[in-house]
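Here are my notes on this one, jotted down as I went through it. Have a look at the structure first, then read on.

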8 protein chains.
Amino acid sequence: GFAKPDYHRALRQGIGEVIYGAGKTPEQIHDIVASMVQQGQKSILITRMSSEAAEAVEQDFIIKYDKYSRIGLVGEIPEPDGIGKVVVAAAGTSDLPVAEEAAQTAECFGNEVIRLYDVGVAGLHRLLAHREEIMTARVIVAVAGMEGALASVIGGLADCPVIAVPTSVGYGASFGGVSALLAMLNSCASGVSVVNIDNGFGAGYLASMINHMEGKR
Amino acid sequence: GFAKPDYHRALRQGIGEVIYGAGKTPEQIHDIVASMVQQGQKSILITRMSSEAAEAVEQDFIIKYDKYSRIGLVGEIPEPDGIGKVVVAAAGTSDLPVAEEAAQTAECFGNEVIRLYDVGVAGLHRLLAHREEIMTARVIVAVAGMEGALASVIGGLADCPVIAVPTSVGYGASFGGVSALLAMLNSCASGVSVVNIDNGFGAGYLASMINHMEGKR
Amino acid sequence: GFAKPDYHRALRQGIGEVIYGAGKTPEQIHDIVASMVQQGQKSILITRMSSEAAEAVEQDFIIKYDKYSRIGLVGEIPEPDGIGKVVVAAAGTSDLPVAEEAAQTAECFGNEVIRLYDVGVAGLHRLLAHREEIMTARVIVAVAGMEGALASVIGGLADCPVIAVPTSVGYGASFGGVSALLAMLNSCASGVSVVNIDNGFGAGYLASMINHMEGKR
Amino acid sequence: GFAKPDYHRALRQGIGEVIYGAGKTPEQIHDIVASMVQQGQKSILITRMSSEAAEAVEQDFIIKYDKYSRIGLVGEIPEPDGIGKVVVAAAGTSDLPVAEEAAQTAECFGNEVIRLYDVGVAGLHRLLAHREEIMTARVIVAVAGMEGALASVIGGLADCPVIAVPTSVGYGASFGGVSALLAMLNSCASGVSVVNIDNGFGAGYLASMINHMEGKR
Amino acid sequence: GFAKPDYHRALRQGIGEVIYGAGKTPEQIHDIVASMVQQGQKSILITRMSSEAAEAVEQDFIIKYDKYSRIGLVGEIPEPDGIGKVVVAAAGTSDLPVAEEAAQTAECFGNEVIRLYDVGVAGLHRLLAHREEIMTARVIVAVAGMEGALASVIGGLADCPVIAVPTSVGYGASFGGVSALLAMLNSCASGVSVVNIDNGFGAGYLASMINHMEGKR
Amino acid sequence: GFAKPDYHRALRQGIGEVIYGAGKTPEQIHDIVASMVQQGQKSILITRMSSEAAEAVEQDFIIKYDKYSRIGLVGEIPEPDGIGKVVVAAAGTSDLPVAEEAAQTAECFGNEVIRLYDVGVAGLHRLLAHREEIMTARVIVAVAGMEGALASVIGGLADCPVIAVPTSVGYGASFGGVSALLAMLNSCASGVSVVNIDNGFGAGYLASMINHMEGKR
Amino acid sequence: GFAKPDYHRALRQGIGEVIYGAGKTPEQIHDIVASMVQQGQKSILITRMSSEAAEAVEQDFIIKYDKYSRIGLVGEIPEPDGIGKVVVAAAGTSDLPVAEEAAQTAECFGNEVIRLYDVGVAGLHRLLAHREEIMTARVIVAVAGMEGALASVIGGLADCPVIAVPTSVGYGASFGGVSALLAMLNSCASGVSVVNIDNGFGAGYLASMINHMEGKR
Amino acid sequence: GFAKPDYHRALRQGIGEVIYGAGKTPEQIHDIVASMVQQGQKSILITRMSSEAAEAVEQDFIIKYDKYSRIGLVGEIPEPDGIGKVVVAAAGTSDLPVAEEAAQTAECFGNEVIRLYDVGVAGLHRLLAHREEIMTARVIVAVAGMEGALASVIGGLADCPVIAVPTSVGYGASFGGVSALLAMLNSCASGVSVVNIDNGFGAGYLASMINHMEGKR
Ligand SMILES: Nc1ncnc2c1ncn2[C@@H]1O[C@H](COP(=O)(O)O)[C@@H](O)[C@H]1O
Ligand SMILES: Nc1ncnc2c1ncn2[C@@H]1O[C@H](COP(=O)(O)O)[C@@H](O)[C@H]1O
Ligand SMILES: Nc1ncnc2c1ncn2[C@@H]1O[C@H](COP(=O)(O)O)[C@@H](O)[C@H]1O
Ligand SMILES: Nc1ncnc2c1ncn2[C@@H]1O[C@H](COP(=O)(O)O)[C@@H](O)[C@H]1O
Ligand SMILES: [Mg+2]
Ligand SMILES: [Mg+2]
Ligand SMILES: [Mg+2]
Ligand SMILES: [Mg+2]
Ligand SMILES: [Mg+2]
Ligand SMILES: [Mg+2]
Ligand SMILES: [Mg+2]
Ligand SMILES: [Mg+2]
């Protein structure tokens, strides 16, 4: 038959699952969590979660919730089973919520994550101090707002795929992330591709996918 | 010391190299080719090459040149040594020059490429006839202009990374590829990332990188 | 004389009427409803209605109000008298308010409506499971935000007019619906036309108009 | 099986077919025409056709070609078999190429077409002189560049579907048709939907589709 | 010396003055009013005034305040001394706050104003019922959001200057007034010029200036 | 009856007429001129005229043609009969074609025109040297590209209506006139209104209309 | 070694420091201030500071806080040690918060600042009254929203570097500062460069840098 | 009196002058050169000069002309008399025409210029090899297209003013330099300001101005 089985969920059942919290009521989120737990899901990440939703879930489940990044975690992060390490690098402190969305998504799907935060290109020595991690990563997520230059600089240093995440951090001519998005799309470094503004989840998911690709069969 | 060795070139010396022909004079291109050949380069791809440049190169070297996709090849495509297959899918016939840029770049770097052309979503059966190739690919390059829907549909069918390439094909409100670019950035399918409009080379390069990643060490 | 009679209202008096609730005070809406009821209007739909407005109307009339889609209905939906069936398809759950605006508008004007919800193209099997409805519809309303690909895919499957409604659902580079709007305008499927972002009413109205067109006279 | 038969072509074989000439070489167009004629196609319209392409086709076929609207016709326009009349209205003389693309596409698919040209809203009496045609049309195509007001005014006068076609006619802040496109999308008249800038073909095709819809079965 | 005397205020002292209320605190507005009254100003219009500011002024002065259009008036409107009549036409009811800003500004500067409201082009008979006023006006202010077609239609009917005011009324692709602004800038009717989005004051001021221009000296 | 007489042409028959040359073939322009001359038109201005068109007209008529501003004049400029003087001010030499379009249009309709050219605000003394002309003008046309500041500065100096014409002069972030257009729309000087980018004709026409308005009847 | 010492802080230790308050919690700001004071910092400027943050700091430190410009100052402004004077000119009163950010930043880094406020170009005499200050300044910061013409006019009068700061002041087609930004980028006056919309800090910092550059060594 | 003397030309008479060649005919350029030479000008730079213009000038004067950067030089570059060195850094070879416009403008006005070309951030070692020049420069011009990251990285390394010049180099989402422009405006490095896209002249002029500023008087 035609219907494509929901491969990931089927395969990874009990490993990791992500709920997109935006636009869902606290009750809806509570109920989705409840049904997932019942199905044996061992780690559930909720992104873009309001504190109201966190409170609703907390009534019946143990949840770790971080107000700042708006991420909630029910259950335990699984043991990493990826091939290498996923580096999540972020330019500034305001980019952290998006970076954490990427990092925790990757962790939730079984990846060891190295966080390189506050490594914006205006203070290059901070980034260069981490050349080792960058050059040995399996895949890198580069998170930056404003001028978005981090992706190009990392892309030039690294030999692995770089997933660039523009963020809406900035003001004025940053236009809610457009400035960083355009910079990343125009990166003159090879091996860089881009996801939507603030889409930490998408980057973490793709990083995990790449980090779980087997070698020659 | 600090200086990062040009890893790929060092490692792959003699395997594949790509020249970006736009904005270079025929003489410049001729001379770059000459110097590469002298260094032992076995396959050289020139993208966005004018027919004048092709003629200049032809004076001293054997070149296969295709006026339509504006791609020239000096030397032989190397034996593929990638882990799996790279699928390059294109929506319409006008997208072919960009698709070929991606496909031949990947081939030039040692990948087996499967071409799925004219599989635009307005005639879904054409795409669905190739479900097998899509579901067994190691990495997919999805090339489309106009509404750029191909990336989402393929992203939903495939379980591997999908690199979306918007093209400037279209008229009116396609705005030179912006329409397709935005659609691809907003793809609701997971595992999709995007490169610049018409950047077939970047997609082919990244696809090759992913297709050469080794498994657990 | 010149003045064009308000044809629809004249003809359909008592059948259906739609009030655009945005930017009207609860009192204004209450009073418009009151005057319509007095004129013998049997079904009145109020779109983009605040809960305050619903409460104001409720003081004097029986109203069914849905907070989520912000639609209120005073009176009964008329018996459908259209020629065929109107299909309203929506990509994601966040698109439902707009889809309901289209669907209930069409119902209010005397159409049988088939709802196909959560049929986004990233999970194609969900849409293809409804091929029958799509291929036998008289007219289809395709509602989608983000990459807006649904209109093209449906346009390729169907042989009837497809009215595409982009929604403001999404974030980042969705730009409040621009991404979906552009995708739909650039649809390579024939028979697709587009209305304004979030304009469920306009789509439902036009669908009804097409569904009530008589055959050869 | 799954594959959707190409319904229109199957049904109408020999009636009408349209080739999109842009981006095709004269030889390609000649060959497509040749193969269609061989398959028994009785009328073939070629849109956006260069005069070089017209000359290439003329070598082997009888073609009527209009340099100004860039439309070529091989064979005979079929007898109209639509239910009512299709009105094609255009604001200014510069809009005529797009209007003709719509009109001749509709004719090619078997519709009687009434042309109302040079009826821009800055001289309202010209439009109002044709109230009769507007109010009795089955479907109207409204073609305008610059401020694109024609669609709204006609939409207010007519009781049938109005397909608005923005054109790239204008200069300065018309931005290649964006001004007209936005005006048409924001039309406050009900029953108006929009196709891409300069997409006369799309409007003519949809108009034909609506004009061939049967009544109650 | 160089300094240009503030001509209007000097000449019209005591006639009319307008305060732009946006971004001023209630106290600031109160104090400006107080100082103007002390200088003998007989009519003071405050535009974009918050109800808090109105209350602050009310403590010491008699003010007529309209919450909806956010306009306050201290003192009496002067006797009109313009040459002809200023027509202020508005397309929809949501455009009224801006239309009133224009109308009351003109009145405040000594003009007789004729209001033609709810004359949007989708119901042309409403506008045409006022042909007389339009054709005998000295100057016309045309206020419209969404597709902004009113300016072109009035510009075609009238033989006097038409000042077009786009409004931010609308949703989706109206982009906060951009759609109407572009339509008005592209008006194919002669004699139409445009002011900023929602700039009722600027239009009323310019209309008054034109209406007070003397004939041959 | 309804039809609005073409007032201007009727009244001014033989005085002045303007042909918009863009998008018309040399033959078309020749023939329009011929028919106007036959109807007794004494001065015909052709704007945006190609030199081919000028040659075509020259075969049968005496024409003054300026290649640089692309303006042609058949017949004699009429004696000015306006009430005051029209000042046309231009910022830079590249703005002259548009300024001339405005100036000659105004002359063609019977106005005395004072040209103030090369008075851009970066050299304020050039503009201030003409304070007298600015302060005694009946109406001013301010033509500028790039930053478009001229309109605001003149608007601040003058007490008459200022018609601002943005031009497409500039490069980079001037975006074909958008920069100047936005600056002019946002002018903080009262009495300034704006026409389309490069629309010298529209400004000259409106200036003439204002300059011919009679005083109290 | 590679790491670049943080030159300014090292050199100026104790002189001046600026905290960017936006997006930081009151506690974070309090703590940064505390740690700076402990390190001997003598003057600390906090820009874009909420009143909540000011209250938090006030618990432990003496702070001057201005609600309107959202600037807080802990400690004393240092004695100016720059070479000349920094002029900060602002067009309108709504631009003052940004102008103050620039002025106080410059003061905090040891510059004498001359404020020229409310010198918008629509009332040129106000600006020209300050020709002396403008022509003798070492560096000028020109702050303006709306049409942003101030930078060009000052750039034409001055012989020193002019740093233009567009502000988000305005409405409608000012597009949150884009209008002023474009005008400033297109300035035809030499010696003008531009920083981000509302970036008073960046302008004050750069002005200070230029004002502290030594002459020939 | 008011008129501001053209200070630079007066002071530097005979030193350097720049003609903006775009939009001037060969004859016009020839004549401006002739008149400048007659006035004793010793070095004349012509930017954006066509080869036709160069030929016209060559008839009567000795000119060095570079077709690639479109720059012509009549006379001799003066001895540098600036205080320090001006560094002009460019990211890629396609940026060289703009970089040369900046460098030669600075030389023409009496500055020693150090060129750092092909130092794009995707190969950071190339840039870092020049840390010495960057950290000892008096002022730096950073020229880059595409993602424009060079300005931020240099801004982070340098302690002097950095003038960023975005170039129109790139394709697709570089949008003719908008991508680089936005990145530079959003630079998180302090001391960076921006000029118009491709405005090498403006950057060179401002760099010269800063490099000639005297120390404490
Ligand atoms: N922050 C996010 N942004 C985009 N997609 C997300 C995000 N978080 C989760 N998702 C996706 O949303 C899916 C769940 O959607 P839902 O069923 O609406 O909760 C997940 O499986 C992911 O594919
Ligand atoms: N002017 C046009 N704009 C958009 N689509 C067109 C146009 N003319 C023809 N088409 C479509 O293009 C199809 C033929 O495409 P092709 O096979 O590339 O010639 C026709 O069946 C139409 O669907
Ligand atoms: N440069 C111009 N830009 C816009 N409209 C123009 C221009 N020149 C002439 N027109 C208008 O075009 C009309 C003639 O148009 P047409 O009949 O197409 O030649 C004139 O009466 C003017 O209203
Ligand atoms: N490439 C350039 N871009 C912008 N302005 C320039 C350029 N080259 C020269 N200029 C300016 O143009 C002035 C000369 O303009 P013009 O008198 O039109 O030749 C010079 O003094 C510079 O201020
Ligand atoms: Mg790399
Ligand atoms: Mg997938
Ligand atoms: Mg279809
Ligand atoms: Mg209608
Ligand atoms: Mg008129
Ligand atoms: Mg004025
Ligand atoms: Mg200056
Ligand atoms: Mg620095």
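The points below cover one chain-chain interface and one ligand site.

1. A caveat before anything else: this is a predicted model.

2. Start with chains F and E. The contact draws on 36 residues from chain F and 37 residues from chain E. Together the two chains bury about 3300 Å², with 63% of that on carbon and sulfur atoms.

3. What about polar links across this interface? The rule turns up zero salt bridges between chain F and chain E, but it does find six residue pairs in polar contact, both partners at pLDDT 80 or more. On the side of chain F that touches chain E, the elements giving two or more residues include helix H1 (7-12), helix H8 (178-185) and helix H9 (200-211) of chain F. H9(F) gives the most to that side, with five residues. By type, the residues on that side of chain F split into 20 nonpolar, nine polar and seven charged.

4. Now ligand 2. Its surroundings come from chains B, C and D, so this is a site shared between chains. There are 13 residues around ligand 2, and Tyr171(B), Lys24(D), Thr47(D), Glu101(D) and Phe201(D) are the closest. Strand E1 (residues 17-20) of chain D gives the most to the shell, with four residues. The shell contains five nonpolar, three polar and five charged residues.

5. Lys24(D) has a polar side-chain atom 2.6 Å from an oxygen atom of ligand 2. For Thr47(D), a polar side-chain atom sits 2.9 Å from a nitrogen atom of the ligand. In the side chain of Tyr171(B), an N or O atom is 2.9 Å from a nitrogen atom of ligand 2. Taken alone, ligand 2 exposes 500 Å², and the protein buries 71% of that.

Terms used. Residues are numbered from 1 along each chain as its sequence is written. Chains are lettered from A and ligands numbered from 1 in the order in which they are written. This is a predicted model: local features need pLDDT of at least 70, side-chain atom pairs count only at pLDDT 80 or more; totals for chains, interfaces and linings use all residues. Side-chain values use heavy atoms; hydrogens and water are left out. Contact means heavy atoms within 4.5 Å. Buried area is the accessible area (1.4 Å probe) that two parts lose on being put together, summed over both. A salt bridge is a side-chain nitrogen of Lys or Arg within 4 Å of a carboxyl oxygen of Asp or Glu. A polar contact is a pair of N or O atoms within 3.5 Å; within protein, one must be able to donate a hydrogen and the other to accept it, and residues adjacent in sequence count only if both atoms are side-chain atoms. Ala, Val, Leu, Ile, Met, Phe, Trp, Tyr, Cys and Pro count as nonpolar, Asp, Glu, Lys and Arg as charged, and the others, Gly among them, as polar. A residue is near a molecule or strand if one of its heavy atoms lies within 4 Å of it. Accessible areas come from the Shrake-Rupley method with a 1.4 Å probe; for residues, only the protein chains shown count as cover.
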